[in-house]
Amino acid sequence: MVLPVYLYGHPVIRKETEEIDASYPQLKELIENMYETMYATEGIGLAAPQIGLSIRLIVIDVNPMAEYFPECADVKLTLINPVLEALEDGSKETREEGCLSLPGIHEPVPRIEKIRLKWLDENFQPHDEVIEGYLARVVQHEYDHLEGKVFIDRISPIRKQLIKSKLTNIIKGKVRCDYRVRATPLKK
């Protein structure tokens, strides 16, 4: 089932997430729905807060980027309770990023190119890998969602000021999307 994507301004986007275990209700179905939602919105990653859940769960499929970034070929990951460590020997690269929760906004974001990631897969099997390049960027972008952050938190104050009206429109729900969204709840 394709789920609505929660937009910037909704409180769930800024909330830190909690770990889950194998007893999480309907976890397999949730993961399937997250992949379906990600594909329907033409995303390459989706974190649970983006569908309204404050849990440490991410789905990623970067295979569509393999033409430009060979390390992305056939990479599809389900990350449960991930722990990310930036590696000191990784250089920083600035690339444009966008986000399903921030429709219409694309900004250059500096990120480290090499990380160590520990996570559980959908079968709760542990993994510990060094990840580099564009895949490392995607993982960091989605991981930020688990920490209550979004990519615009990493751009310069001047760039943020330049997109202020766009952010305000997203918060007010004045944005057009080709996918179902859930905007900031109305205050009573």
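**Helices and an open sheet**

Helix α1 (residues 27–40) lies across β2, β3 (57–61) and β4, at about 45° to β3. Here contact means heavy atoms within 4.5 Å, and helices (H or I, at least four residues) and strands (E, at least two) are DSSP runs numbered from the N terminus. Axes are lines fitted to C-alpha atoms, for helices over the stretch in contact, and angles run from 0 to 180 degrees between N-to-C directions. Helix α2 (residues 133–146) also packs on the sheet and touches β2, β3, β4, β7 and β8; its direction makes about 155° with that of β3.

This is a predicted model, in which local features need pLDDT of at least 70, side-chain atom pairs count only at pLDDT 80 or more, and totals for chains, interfaces and linings use all residues. Residues are numbered from 1 along each chain as its sequence is written, and side-chain values use heavy atoms, leaving out hydrogens and water.

The open sheet holds five strands in the order β2-β3-β4-β7-β8, with antiparallel pairing; two strands pair if DSSP finds at least two bridges between them. Because β2 (45–47) and β8 (126–132) each have a single partner strand, one side of each is left without a neighbour in the sheet. On average, neighbouring strands are turned by 35° against each other, direction ignored. Strand β4 (residues 76–86) is joined to β7 (residues 114–120) by five bridges, and E85 stands opposite R116 in β7.

Two loop residues deserve a look. Most residues other than glycine have a negative phi. Q26, in the loop between β1 (5–6) and α1, has a positive phi of about 50°. E42, in the loop between α1 and β2, has a positive phi near 60°. Q26 counts as exposed because its relative accessibility is 60% (buried means under 20% relative accessible area, exposed over 50%, partly exposed in between, with a 1.4 Å probe and protein chains only). E42 is exposed too, at 75%.
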